[in-house]
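Visitor: I would like to go through this entry with you. Could you bring it up, please?
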Amino acid sequence: MNEQANALSTPIYLDYQATTPTDPRVVSLMLHYLTEEFGNASSTDHEWGDRAETSIMQAAIQVADLIGASPREIVWTSGATESTNLAIQGGLDPNPTKPHRIGLMAIEHKAVLDTCRTLEKRRWAELIYLQVDSKGRLDLEHLEQVCAGGLSLLSIMAANNEIGNTYPLQKAGQIAQHYNIPFLCDATQAVGKIPICFQDWGITMLALSAHKLYGPKGTGALVVRKGYSLEPLLYGGGQQHGLRPGTLNVPGIVGFGEACRLRQLEMSVDESAIAQKRDRLQELLMENISGLAVNGDQASRLSGSLHISVPGVPNSAVIARVRHQLAISTGSACSSGVEAPSHVLQAMNLDDALIEGALRISIGKFTTDEEIDQCAHILSTEIHKIREVL
């Protein structure tokens, strides 16, 4: 393949962990609710509002079915960032006489970390960090010890948004239940990719976003176990029993529901095919790039996740050379524009060379075999060129 062939008119999209393309079937349904069924779900004095309300109820069933929850446990939000803030801030008393003890991993998403650290700065919370090893795996024995000491809240993500690790939620939930600790799970990266059973796994609250599972951006949910009490962050209107007031985003919620319905039907077959493509890409890169390291837990990771490091080759140099050919990233999109090493890789205590050479590649259901081959060729070629001038 020559240089001209490498100059792709449209870069190959390999950043599915940042966001997924919206499934055309979801787009089609949303368009109907943007142009034809545009009623306000709170306007129940006429049929337009009634139909909108019915569509919201149907979407709640579709989301709940995918994650093993009850439709009544769904609270619609703008996305997982709002959901985790509602879960953490809404579930803990403000300005407590004694700081709340929160157990969490230092590799959590910034939406969780920054919220908890803000409470810590206010002296409202004491943060207890759960131990992870160099592969980002959770130490369950340490988790048990921390929970035995008492916690106001436990937060463990279902899957990491950088390295793609998946975590033992069922075991964590059993431990949390044993010590009567509320358990928040940020499942944003995992829902629609791996099975999750909210009701059976001891999870108290679960956060998710539509745009990580081929749905629209700006729509998410917090699933709250029946009987668990939260205080709202916003006021006015009384929608959703006052817990999250405001006019509901009917097209977005309908799209979210449809995306969940499709994932439930297609997840198993899709993820198997995605894993095969990921493994082929990993094999090609390791064959053609000497010294390449694969980060994270290869035994328990998302099907489409491939997190690599090329020691001695700065990731910024790679991105600069391939950005018009490949859409890959140096880390989480939540830290976009921030010139700082990955907090995830730092928490794993990786060598500086691995951190500086880290690249996140994530594929999905629309990735083709041809794109896998092109990606391997482009990355190998450009990394070799960088090495020649270093």
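Visitor: Leaving aside neighbours within four places in sequence, which residues is histidine 343 in contact with?
Guide: Histidine 343 is in contact with Ala106, Ile107, Glu108, Lys110, Leu113 and Glu162, once neighbours within four places in sequence are left aside; contact means heavy atoms within 4.5 Å. This is a predicted model, in which local features need pLDDT of at least 70, side-chain atom pairs count only at pLDDT 80 or more, and totals for chains, interfaces and linings use all residues. Residues are numbered from 1 along each chain as its sequence is written, and side-chain values use heavy atoms, with hydrogens and water left out.

Visitor: Is histidine 343 buried or exposed?
Guide: Histidine 343 counts as buried, at 14% relative accessibility (buried is under 20% relative accessible area, exposed over 50%, partly exposed in between, with a 1.4 Å probe and protein chains only).

Visitor: And where does histidine 343 lie?
Guide: Histidine 343 is in helix 10, residues 343–347 (helices are DSSP runs of H or I with at least four residues, strands are E runs of at least two, and both are numbered from the N terminus).

Visitor: Turning to valine 191, where is its place?
Guide: Valine 191 sits in the loop between strand 6 (183–186) and strand 7 (205–209). Its relative accessible area is 2%, so valine 191 is buried.

Visitor: What is valine 191 in contact with, leaving aside its neighbours within four places in sequence?
Guide: The contacts of valine 191, with those neighbours left aside, are Leu66, Ile67, Ile196, Leu206, Leu208 and Leu213.

Visitor: How far apart are the C-alpha atoms of valine 191 and arginine 263?
Guide: They are separated by 8.8 Å, with the two residues 72 apart along the chain.
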